[in-house]
Amino acid sequence: MQVGVGREQRAGERRVAATPETARQLTALGLHLLVESGAGTEAGFADAAFKEAGATVIFELPFEALDVLLHVRPLTPEAAARLRPGTVTIGLASPSSELPTVRALAAAGITSFALELLPRISRAQSMDALSSQSLVTGYRAVLEAAVRYPRFFPLYMTAAGTIPPARVLVLGAGVAGLQAIGTAKRLGARVSANDIRAASAEEVASMGGTFINLDIDAAADGAGGYARALGEDRAQRQRSLLAPHVAAADVLITTAAIPGRAAPLLVTTAMVAGMRAGSVVVDLAAESGGNVEGVIAGQDVQVPVDGGSVTLVGLQDAASAMPSDASRLFARNVSNFLALMTDCGSVAPDFDDDVVAGTCLTHGGTVRHAPTAEALEREA
């Protein structure tokens, strides 16, 4: 069966859905891997390396002849329409925000798998693209903050005086948040963090951070280890209790996200206005609406405060900014998922398997993911 990997079409996307390492894994399974020329160049993987790994490098990917298409970012409706019925696609699909593509996939009879939907169970950990890419974005968020912050992160004691460490506050202690905590600690900052999930305190402490317990008296643990949205009264109380901690921070990194929904508002403009001049806010949820009021995805926004301004960073394509390692991790997630459905060189999804069934977005002309199907009905 022919498995295709093309150049990503979204502007700014530098990752690739396969690497020479995973090309060897897939060809060993009996699959014929076609790689579009230049697909891995921006991630540091040359065409020659794919050839050496057993893949066939071609100038343009023949969508109409593929049995399986591997991708990073969601496909366009036009790309989906080019695929023949029964083609299997695997990648990130952002179903809640890419409804036209979901509709096109269903109409074309495509069996599409959205890695965002992967069940959060131990057996699926090696396929968990959200976690692997969050690892990259959490690390990158701290670097982006450090280059914008006009002072040092670590404590320095010099003959000219003592420079205190930066105070970093991380909101959200999922994979991205924990990675941000660890990275900021390694840079020498004093790090504190908050998350509304009950299990987060020990995780924050394990990374060297100080957990801030807001005591908002609300159970917020959702399915699969994610947080669930708070009611508006609890959300307002959360913001009120966070305000003094935000004001005391030199760097604020927000990572809170709920799959399939807009990001929760954690920090208002008034809270940002209480920060010191020169402070930096990095919002990892900017692409899904943002945790910080006024943030714009892909832009830096200056918020005037006494003595200067606070920089709001709407981080966009964070994982793509580190395309080599991000691609290594993502491609391994994809190849492990494809291997689960492959036997003797043939790809045949087993919908009795919870991992396969839970990750499936469209199949046989229908949308199998209930929340997305409901969203399409509301839009119709």
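I took a cavity to be a set of points, on a 1 Å grid over the protein atoms alone, where a 1.4 Å probe fits but cannot get out; grid points are joined across faces, edges and corners, and a volume is the space filled by probe spheres set on the points. The model is predicted, so I note that local features need pLDDT of at least 70 and side-chain atom pairs pLDDT 80 or more, while totals for chains, interfaces and linings use all residues. Residues are numbered from 1 along each chain as its sequence is written, and side-chain values use heavy atoms, with hydrogens and water left out.

**Entry 1: cavity.** I searched the whole structure and found one cavity of 30 Å³ or more. The largest cavity holds about 70 Å³ of space. I listed its lining (residues with an atom within 4 Å of a point); among the lining residues are His71, Pro74, Thr101, Val102, Leu105, Ser112, Phe113 and Leu361. H4 and E6 are the elements that give two or more residues to this lining. H4 supplies the largest share, three residues.

**Entry 2: helix H4.** I used DSSP runs, numbered from the N terminus, for helices (H or I, at least four residues) and strands (E, at least two). Helix H4 spans residues 99–107, and its buried residues are Leu99, Thr101, Val102, Ala104, Leu105 and Ala106. Buried here means under 20% relative accessible area, exposed over 50%, and partly exposed in between (1.4 Å probe, protein chains only). I then looked up the packing partners of these buried residues, with contact meaning heavy atoms within 4.5 Å: helix H3 (77–82), strands E6 (111–114), E18 (360–363) and E19 (366–367), and helix H12 (370–379). After H4 comes Gly109, with a positive phi near 75°.

**Entry 3: pocket.** A pocket is an open set of points with protein on both sides within 12 Å along at least five of seven lines. I recorded about 290 Å³ of space in the second largest pocket. Its lining comprises 18 residues, and Gly6, Arg7, Gln9, Phe63 and Ala79 lie nearest its centre. Strand E4 (68–70) and H3 are the elements giving two or more residues to that lining.

**Entry 4: two partly exposed residues.** I located Leu329 in helix H10 (residues 323–340). Leu329 counts as partly exposed because its relative accessibility is 32%. Asp350 sits in the loop between strand E17 (346–347) and helix H11 (354–359). Asp350 is also partly exposed, at 42% relative accessible area. From C-alpha to C-alpha, I find Asp350 and Ala318 34 Å apart in space and 32 residues apart in sequence.
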